[in-house]
Amino acid sequence: MHFETALLHAGRAKDGAGPAPCAVPVFQTGAFEAGSAAELEEIFAGRKAGFCYTRVGNPTVAAFEERMRTIEGAASAVACASGMAASFLAIMGICQAGDAVLAPRTLYGGTLELFGDLARMGISVHLVDEVTASALDAAFDDTVRLVFAETISNPKLSVLDIPAVAAWCHERRVPLVVDNTLASPALARPLELGADIVVESISKQITGNGTAIGGILLDGGKFAWDPVRFPSLAPWKKFGPFAFTAGLRKGLFRNTGGCMAPVTAFLGCIGLETLALRMERACSNALALAEWLSGSGLVSEVSYPGLSGNPGHALAGRQFAGRYGAILTFRTGSRERAYRFLDQVEVALLASNIGDAKTLVLHPASTIFLDVGEDERELAGVFDDTIRVSVGIEDIRDLIEDFRQALS
Ligand SMILES: *Cc1c(COP(=O)(O)O)cnc(C)c1O
């Protein structure tokens, strides 16, 4: 199946038993009745496929995992309670106390805050200003066990050169973990570009209407986990390309309990059906709005990879086949002007989310970056007067008119 067909059909069961629903049905149940005691033992032992308890597995969640696995070209997928749960599991599935993570400072604020929690567990984080070979070289040492970066960073919108960074990682025998939330699989399938593990918040572009919180963790199945450097994976090596996911399912994922709710998986499947169409419209709206803002004389420093002056423009054009995402930022001149703009918009919603079909606006410095120090905040591209816009799929004329009236 090609990408846009798989968005609709992958993971839809056609087993010929019972009625065949056109949508993925919601198995809203905590547990599953077993056929016999012997069968339940087989399921618990992993010798027979089946379901026993929804924290461990559920058919609706499995259908969503299968759809995501197919469209991202992964070996295996684990659906999680949130994007943060997926990021946490990806890192903790690889690292243990004494290890280090290498990552850029331009990451999503929530991930930067998670790094503070990791420090308490003995996992340190080496931060670099930019993901360039020289910056990574300078920060690398033999405690580093993974590189974590975003395809398009939130909200600085730096674009990651996935093949180049993956090659750098593989020369040093560490996996590249990519947070693909902003790009979504409609723009980039990082596993196909060389990344080893992908995490995504499905609360954003994938559910697409701001209806749920969820996350997904995808493993390409190609990284060779050295049992000495990655001792937590040693017991799972026998599962070959499924080693990483097997370790999570038999351990950390099951035991930390951050599973996806069945109804969230249902909303994820529904969202995926229209992902490609929504992203097409959101990206073209974002480009038109960025161009209008740049020429308006009402704001400064419009940041959007689709603008020719943007540092990531050429790379994004190449890597994302001429699409540049749905998120842009601009500066208003002062925090007061930023607040007045947010209080004046009528079509756009003031909300701390992205990836909704409706346009959302936010002042990151006073919200999602509130607990990040000013220096760190500015390195992540968040100034006192920065507005972040998640562009929706409205008629672009209404968006431009709304921004015009609010800014003036
Ligand atoms: C929102 C977001 C997350 C966290 O996802 P949740 O579903 O809110 O936990 C992680 N990374 C990026 C880039 C995000 O935008």
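A salt bridge is defined here as a side-chain nitrogen of Lys or Arg within 4 Å of a carboxyl oxygen of Asp or Glu. The structure is a predicted model, in which local features need pLDDT of at least 70 and side-chain atom pairs count only at pLDDT 80 or more, while totals for chains, interfaces and linings use all residues. Residues are numbered from 1 along each chain as its sequence is written, and side-chain values use heavy atoms, with hydrogens and water left out.

**Overall fold**

The protein chain contains 16 helices and 12 strands (DSSP runs numbered from the N terminus: helices are H or I with at least four residues, strands are E with at least two). Its radius of gyration is 21 Å, close to the 22 Å that the globule rule gives for 408 residues, so the chain is as compact as a globular protein of that length. The radius is taken over C-alpha atoms, and the rule is 2.2 Å times the number of residues to the power 0.38. Along the principal axes, the C-alpha atoms fill a box of roughly 70 × 55 × 35 Å.

Of the 408 residues, 52% are buried (under 20% relative accessible area; exposed is over 50% and partly exposed lies in between, with a 1.4 Å probe and protein chains only). Among contacts with a separation of 6 or more, 72% link residues 24 or more positions apart, a contact being heavy atoms within 4.5 Å.

**Salt bridges**

A search of the whole structure finds 20 salt bridges.

Arg249 is partly exposed at 26% relative accessibility, whereas Glu65 is buried at 11%.

Because Arg105 lies in the loop between β2 (100-104) and α5 (109-120) and Glu376 in helix α15 (residues 374-379), the pair ties together parts that are 271 residues apart in sequence. Here Arg105 is buried at 18% relative accessibility, and Glu376 is partly exposed at 27%.

Arg404 and Glu401 lie 3 residues apart in helix α16 (residues 396-407), and are therefore separated by about one helical turn. Both are partly exposed, Arg404 with a relative accessible area of 38% and Glu401 with 40%. Elsewhere, salt bridges that share partners join Glu41, Glu42 and Arg47 into one network.
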